Each structure stands twice: as C-alpha cells, then as structure tokens.
Amino acid sequence: MSVTAHPTPAGTEAYEPVFTGPTLEQLGEIIARYPTKQAALLPALWMVQRARGWISDRNMAEVAEVLGLTPAYVKGVVTFYTMYHQHPVGKHFVQVCTTSPCNICGAEAVTKAFLETTGAKELGATSPDGKRTVIEVECLGACGFATPVLVDDDFIESVTPDKVPELVRKYK
Ligand code: FES
C-alpha cells in the first residue's frame, strides 16, 4: 500500500520528516498488513524511535499526519508505553526490574551498581559520555530469575551487582 507524505506541520519548518523515500515505502508495506492504516501506529512509532533515538512532539505530529490520526491520540499512545522514549536517551537503554519479588532478591543493589558503573547521576538520567540511560521498570515477567534487566532489546536474567561492570563494558 502506498502512503502519502504530508507537508511539514505548521510552525515546524526546520523539521526533517522521518517518513520519506525508502522509509515511507517501508511504512506502506507495514500498513498493507493491517485492516486500516491507523492500526500501524505502534510499528510507525518504532520506526521513528529507531531513526531518531526518541519520539518528539514533532515526530508525533508527523506520525499523526501520515496515519490520519490526531497528534493527541498519538501522544496518548506514546505516553502509555514506557518503551517509547519522550526525550533523548543514551545509546543503550538499561531497564532494571525493581518490583517487589526482584527487590527482595537485590534489585536495588543492581540498580545502584548500574548507576555507579555508568556514572549516570540518577534514574532516568544519561551517563556523562551519553552512552547509557538507566531506569527502573515494573515486572518484566521473569520473577524467578531476579534480577532481570533489559539492555536495549536484550533480555538478561539473574543479574547481580558483580555482573554489572562486565555488562556495561559489553554495551559500549
Ligand atoms: S518482579 Fe521482577 S520480573 Fe517479575
């Protein structure tokens, strides 16, 4: 299915659209798998995040225009899912489960080790070298393997504080 790129949203003259050329064609192929183009919202947002590292309000407006949605609807979806970044993050995004079962098993110490090893000053902040952002998340569905950690798309089980420096080195 072909999709039409829309003009740059008003007041955003310096904005460089994500969905042009091959990217727009790729979105068209994704849309063709769904009954309506609006249903391709989640993959469209992933495409933006992969291209830009995060999803700005301007990106949301572009996605809304391309898919025939309102910017408010798109923002509602982006803000609902923690996997979408609403501000710039480090090259690697580290998510540590700190929900009660993992917390009892030492998740707090794992989180602290990530903050200390990366140099990120606090949760949600990015390390001074711009390479890593560390956040806490709710249950990752691996309660028997505390502490589970997501680094980008990699799921890592049974992380303990002593394993953190090696993990940080691995994700340069
Ligand atoms: S509570 Fe941590 S994975 Fe479920």
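**The largest pocket**

Guide: The largest pocket has a lining of 16 residues, and those nearest its centre are Trp-46, Gln-49, His-85, Asp-152 and Asp-153. This is a predicted model, where local features need pLDDT of at least 70 and side-chain atom pairs count only at pLDDT 80 or more, while totals for chains, interfaces and linings use all residues. Residues are numbered from 1 along each chain as its sequence is written, and side-chain values use heavy atoms, with hydrogens and water left out.

What is a pocket? Work on a 1 Å grid over the protein atoms alone: a pocket is an open set of points with protein on both sides within 12 Å along at least five of seven lines. A cavity is a set of points where a 1.4 Å probe fits but cannot get out. Lining residues have an atom within 4 Å of a point. Grid points are joined across faces, edges and corners, and a volume is the space filled by probe spheres set on the points.

The largest pocket holds about 390 Å³ of space. Its lining divides into six nonpolar, six polar and four charged residues. Here Ala, Val, Leu, Ile, Met, Phe, Trp, Tyr, Cys and Pro are nonpolar; Asp, Glu, Lys and Arg are charged; the others, Gly among them, are polar.

Where does the pocket sit? The domain assignment, which is automatic or from a database, gives domain 1 (1-88) and domain 2 (92-170). Both domains give residues to the lining, so the largest pocket lies between them. The centres of the two domains, taken over C-alpha atoms, are 29 Å apart.

Now the elements. Helices (H or I, at least four residues) and strands (E, at least two) are DSSP runs, numbered from the N terminus. Helix 2 and strand 1 each supply at least two residues of the pocket lining. Helix 2 gives the largest share, three residues.

Stay with helix 2 (residues 41-52), for Gln-49 lies in it. Gln-49 is buried, at 8% relative accessible area. Buried means under 20% relative accessible area, exposed over 50%, and partly exposed in between, with a 1.4 Å probe and protein chains only. Beyond its neighbours within four places in sequence, Gln-49 is in contact (heavy atoms within 4.5 Å) with Trp-54, Ile-55, Met-83, Tyr-84 and His-85. His-85 is also among the residues nearest the pocket centre.

Follow Val-94 to Leu-150. Leu-150 touches Phe-93, Val-94, Gln-95, Leu-140 and Phe-155, leaving out residues up to four places away in sequence. Leu-150 lies in strand 3 (residues 149-151). Leu-150 is buried too, with a relative accessible area of 18%.

Last, step back to the chain. The chain has seven helices and four strands. Their order along the sequence is α-α-α-α-β-α-α-β-β-β-α. Of its 172 residues, 41% count as buried. The C-alpha atoms fill a box of roughly 50 × 35 × 25 Å along the principal axes.
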